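Let's take a walk through this model together, with an eye on how its charged side chains pair up.

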Amino acid sequence: MAQLTKNRDISPIYGSEPEDEAVRDLSRARETAMKNLKNGKHQLKSMLLSKNINDKINDN
C-alpha cells in the first residue's frame, strides 16, 4: 500500500463531512416536499374538476 501511494498508482479518496451530508439531506428533503406539493395540487384540482368546481390554484 505504501509503495502504491509512493508511486502515485493510487489516489486518496474524499470522505464526505457531516456538513456535506446535511446539505445533501436537506436538498433531498426539499425535492421530496416539492414533488409532494405538486402531487397534492394535482389531486385537489382533479377532485374539484370531478365536482364541476372551478379552481384558482396556481401551479408555481
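**Charge pairs along a helix**

Arg 24 and Glu 21 sit three residues apart in helix H2, so about one helical turn separates them. Keep in mind as you look that the model is predicted. These two side chains form a salt bridge, with their closest N and O atoms 3.0 Å apart. Side chains of opposite charge can pair when their charged atoms come close. Both partners are partly exposed: Arg 24 has a relative accessible area of 37%, and Glu 21 has one of 31%.

How many salt bridges does the structure hold? There are three, and the next one to visit joins Arg 28 and Asp 25, at 3.1 Å from N to O. Arg 28 counts as partly exposed because its relative accessibility is 47%, a value between the 20% and 50% limits. Asp 25, at 44%, is also partly exposed.

Further on, Glu 31 and Lys 35 meet through their side chains in a salt bridge of 3.4 Å, N to O. Their spacing in helix H2 is four residues, again about one turn. Glu 31 is partly exposed, with a relative accessibility of 45%.

Finally, turn to Ser 27, which has its place in helix H2, the stretch covering residues 18–50. At 46% relative accessibility, Ser 27 is partly exposed. Where does Ser 27 lie relative to Ala 2? The two are 25 residues apart in sequence, and their C-alpha atoms are 38 Å apart in space.

Methods
Residues numbered from 1 in each chain as written. Predicted model: local features only at pLDDT ≥ 70, side-chain atom pairs only at ≥ 80, totals over all residues. Heavy atoms only, no water. Helix = DSSP H or I, 4+ residues; strand = E, 2+ residues; numbered from the N terminus. Buried < 20%, exposed > 50% of the residue type's maximum accessible area, 1.4 Å probe, protein only. Salt bridge = Lys/Arg side-chain N within 4 Å of Asp/Glu carboxyl O.
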